[in-house]
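Open the model in your viewer and keep the selection tool at hand. The stops below are meant to be taken in order.

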Amino acid sequence: MFKTILLAYDGSDHAKNALKVAAGLAKTYDAALSLVHTPELDTPPIVIGSFVAPLDTPPSKDQIVKAGQAIVDQAKAEATALGVEITNVHLGGIAPAEVILNAAKKDGSDLIVLGRRGLGTLRSLALGSVSQSVTHGAKCACLTVL
Ligand code: ATP
Ligand code: MG
């Protein structure tokens, strides 16, 4: 049913749940699993992926790249532990939703898996802004995981 699955991963607990679901589906359907991650920057505090550090100065480009790579490495290791290899990685960009939709287009994904919420703190909204934009813009099936 699904042949090319794209996991959108920001290092949040929701994204970790999405990883488990995406890995399970990849196994079930013998599908290829790709990952997309855009390092994010919010001040204060400075948040890059799952790294939270109260810094006086903004992080350097190098720190952002390193944090993004660490998030990707963490997800790859987790997928391997679940018995699935992430075979393709899209890392970078500025606007996560746009990057996710472009990655899905490039891969020809037939399913995007992402968390309902992420690293943000707007708990009153049912869906995060990235989930909303991707769900609205996706040209394939989209699964939001609690
Ligand atoms: P908001 O960012 O609007 O404050 P939020 O952080 O709670 O809200 P989203 O950002 O929409 O929620 O995150 C929902 C899901 O989207 C995440 O669990 C993850 O799967 C994906 N996602 C969010 N940000 C990124 C990112 N920078 N890179 C890759 N995937 C992301
Ligand atoms: Mg977010």
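The tour goes through the nonpolar cores, then a loop residue, then the ligand. Keep in mind throughout that this is a predicted model.

**Stop 1: the largest core**

Select I5, L7, Y9, L33, L35 and V113. In the largest nonpolar core, which has 23 residues, these six touch the most other members. As background, nonpolar side chains in soluble globular proteins tend to be buried together.

**Stop 2: I5 and its contacts**

Leaving aside residues up to four places away in sequence, I5 touches A22, L25, A26, A31, A32, L33, S34, D110, L111 and V113.

**Stop 3: the second core**

Next, select A103, A104, I112 and V134. These residues are included in a second, separate core of 12 residues.

**Stop 4: S109**

Move to the loop between α3 (96–107) and β6, where S109 is found. Is S109 buried or exposed? The cut-off for buried is under 20% relative accessible area, and S109 counts as buried because its relative accessibility is 9%.

Show the neighbours of S109 as well. Not counting residues up to four places away in sequence, S109 touches T4, L6, A103, A104 and C140. A103 and A104 were also selected at the previous stop, as members of the second core. For T4, draw a C-alpha to C-alpha distance to S109: the two residues are 105 apart in sequence and 4.7 Å apart in space.

**Stop 5: ligand 1**

Select ligand 1 and the 22 residues around it; A8, T38, R117, G120 and S129 come nearest. By type, the shell around ligand 1 divides into 9 nonpolar, 10 polar and 3 charged residues. At least two shell residues come from each of α1, β2, α3, β6 and α4 (129–137). Of the elements, α4 gives the most to the shell, with 3 residues.

- G115: a backbone N or O atom is 3.0 Å from an oxygen atom of ligand 1.
- R117: a backbone N or O atom lies 2.7 Å from a ligand 1 oxygen atom.
- G120: a polar backbone atom is 2.7 Å from an oxygen atom of ligand 1.

Taken alone, ligand 1 exposes 620 Å², and the protein buries 94% of that.

Technical notes:
Residues numbered from 1 in each chain as written. Chains lettered and ligands numbered in written order. Predicted model: local features only at pLDDT ≥ 70, side-chain atom pairs only at ≥ 80, totals over all residues. Heavy atoms only, no water. Core = buried A, V, L, I, M, F, W, Y, C linked by side-chain atoms within 4.5 Å. Buried < 20%, exposed > 50% of the residue type's maximum accessible area, 1.4 Å probe, protein only. Contact = heavy atoms within 4.5 Å. Helix = DSSP H or I, 4+ residues; strand = E, 2+ residues; numbered from the N terminus. Near = heavy atom within 4 Å. Polar contact = N/O pair within 3.5 Å; in protein donor to acceptor, adjacent residues only side chain to side chain. Areas by Shrake-Rupley, 256 points an atom, 1.4 Å probe, with all protein chains shown as cover. Nonpolar A, V, L, I, M, F, W, Y, C, P; charged D, E, K, R; others polar.
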